[in-house]
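Please look at the sequence and the structure below.

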Amino acid sequence: MTTATITAHASASPSKTAQHDNLLAAAHRTGHFKHLMAAVKAAGLADLLDGTGPFTVFAPNDRAFDRLARNELADLLKPENKARLTAILMLHVVSGHVKAASGSKPATLKSLQGEDLVIDPSEGGLRVNKARVVERDLEASNGVMHVIDTVLMPSLG
């Protein structure tokens, strides 16, 4: 991992600017993550984001979910698609408190789903894989959230 682009903090304690909300409560409070909250609930992952952490979440906002193919979100929320939905959501989470930092070199992080996330500051702003980070470093008591404009999908292989 390149520390010029991403700085990982091993400490579980948030910075002085952190909200007292955990990641789950912070996402719920903003009102911009209704689809993400529904997906987290359907996948049974609320306990993870409500847990101790620290975690870093690359959180797709509602606009990102709205860009999915027609009916894709509704299909993902069905009980028979729970494993696929879980894999998609876990791709958006990494262990540790990872804040964005200035720099020009890409960095790689391992998602809880198991695939790598490439953080690249050089392509017209900060990107994670092909998603653009539209808001960064939203602190929570159990981690940090970076808002992205695209729902990341696991590779098929």
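**Strand pairs and a helix pair**

In strand β9, M145 is the bridge partner of L138. This is a predicted model, in which local features need pLDDT of at least 70 and side-chain atom pairs count only at pLDDT 80 or more, while totals for chains, interfaces and linings use all residues. Residues are numbered from 1 along each chain as its sequence is written, and side-chain values use heavy atoms, with hydrogens and water left out.

Strand β8 (residues 131–140) runs antiparallel to β9 (residues 143–148), and five bridges join them. Strands are DSSP runs (E, at least two residues), as helices are (H or I, at least four), numbered from the N terminus; two strands pair if DSSP finds at least two bridges between them. The hairpin from β8 to β9 passes through two residues.

β8 also pairs with β7 (residues 127–128), in the antiparallel sense, over two bridges. Here R132 of β8 is the bridge partner of R127. Two residues lie between β7 and β8 in their hairpin, and N129 in the turn has a positive phi of about 50 degrees.

The helix pair is α2 (residues 34–43) and α6 (residues 82–91), whose axes come within 9 Å and cross at roughly 125 degrees. Axes are lines fitted to C-alpha atoms, for helices over the stretch in contact, and angles run from 0 to 180 degrees between N-to-C directions. α2 and α6 are therefore oblique to each other; angles under 35 degrees count as roughly parallel, over 145 as roughly antiparallel, 65 to 115 as roughly perpendicular and the rest as oblique. L36, A39, V40, A42 and A43 in α2 meet K82, L85, T86 and L89 in α6, where contact means heavy atoms within 4.5 Å.
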